[in-house]
Amino acid sequence: MANVSSDQLGSDAISKLLVKQAVPASIGILVMSLNVLVDSIFVGNWIGSIAIAAINVVLPVSFFIGALGMAIGIGGASMISRALGANNREKALRTFGNQICFTLMVTVIMVTVGLAYVDELIPAFGGKGSIFEMAKIYYVIVLYGVPLLALNMMGNAVIRAEGKPKFAMIAMIIPSIGNLLMDFIFINVLDYGMQGAAWATTISYFLCFSYILYFFLSGHSELKLSIRHLGFNIAVLREISSLGFVTLSRQAVVSVIYLLMNNILFDLGGEAMVAVYAIIGRMLMFALFPVFGVTQGFLPIAGYNYGAAKYGRVKESIYTAIKYAAILATVVFTGLMIFPEEIAGLFLSHRPNMSDVELATNAFVLENTPSAMRWVFAATPIIALQLIGAAYFQAIGKAVPALLLTLCRQGFFFIPLILILPNYLGELGVWISFPIADVLATIVTGYFLKKEIEKNLV
């Protein structure tokens, strides 16, 4: 898990580099995902299953605003990796300065709008019936901390672009552990309910921001900014935006999917069905952490070597990343197919003296979650090709194919499927949309990646 200097990205063995980059990324994503997972388990056990549904309603809004920082971070990180590969340190510094200012500006604007329209946004994202009040409490508190989340996402991508995955990993671990500790204190000890869950999340953003600020102000970072690097440069912003738009579009589609899924499932089965999706959504974040870790580790390696015109190494990094990610995805798939009942049971409250409504909701969730989970993850072994293929085009700065391939699975296939199939198959139509979209997107991505390799990596 040792950090590497940026020039080592162009010289060390690809398999060795990928492990060095992917293992810390995977651990960081694992801890962050465990945070979401355990946070949901705490909320479900200490507050109730409706509270899990309420958090699931808020996620699209906070997720999208935080994703603005991720988009700016990954778009700029691609530029920084290639600039360092071409030994253009001044461009790397100018890019980083623009990322900071751009992230602050757009997220503050979005938070202001989000707070102004709170009563309209929550029902639109499925916060109806008994979900609304809990969702509003959580939403307002968490949104105040979302600009810090965006800065954290942006900074983490830049740290990884420098070849410092260990520090990026720690930056992901700190808020996760902090959130769980705050959850225990605010919810279980102080009995603050949804307010406690929200404050735990917001404080965790601050802890992460403090560590990332320390990294860039210390001697660990190669990017030493001065005042002249801050502000806005139109050419730099245009490139950050074009590349970052790929990530932002993906996250925007995720938010749209949450909106559609929460509303479709509410109409099919009420609050309890939204709770089923909330559990599956947490597993989608958690279970695939090693695959996402390999994808994150792959990005700076491909970007640096492409910038250095070492195309043989770029091709090797693609094949190696797909192989590693596919093996890990198959392991995840096996576990999810065997233990879905046990996983669903972790999220349900076993408090004494629960109301009849709570007992009925628990029974419904426990009955319906396992089969839904098996359908949702049915095509998991093949997703490595789709993720690595789309990430490759982003890493080398080809924004249009990266955007189209990134949107392929969720935007072009999944959304139309969930709008059509439930009309004929009910809730089954929702769940089988996941593997169908995975298969179609993988076929399309494989075709375009093969053409790119044969044309430009020879």
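Contact here means heavy atoms within 4.5 Å. The model is predicted, so local features need pLDDT of at least 70 and side-chain atom pairs count only at pLDDT 80 or more, while totals for chains, interfaces and linings use all residues. Residues are numbered from 1 along each chain as its sequence is written, and side-chain values use heavy atoms, with hydrogens and water left out.

Select T320 to begin. T320 touches I14, S15 and L18, leaving aside residues up to four places away in sequence. T320 counts as buried because its relative accessibility is 11% (buried is under 20% relative accessible area, 1.4 Å probe, protein chains only). Its side chain reaches the backbone oxygen of E316 at 2.8 Å.

Next, show helix 10, residues 311-338, where T320 is found (helices are DSSP runs of H or I, at least four residues, numbered from the N terminus). On helix 10, pick Y311, K315, I318, Y319 and I322, which meet L449, I453 and N456 of helix 16.

The axes of helix 13 and helix 16 come within 8 Å and cross at roughly 45°. Residues in this contact include G389, A390 and F393 of helix 13 and A441, T445 and L449 of helix 16.

Note on methods:
Helix = DSSP H or I, 4+ residues; strand = E, 2+ residues; numbered from the N terminus. Buried < 20%, exposed > 50% of the residue type's maximum accessible area, 1.4 Å probe, protein only. Polar contact = N/O pair within 3.5 Å; in protein donor to acceptor, adjacent residues only side chain to side chain. Axes fitted to C-alpha atoms, helices over the stretch in contact; angles between N-to-C directions.
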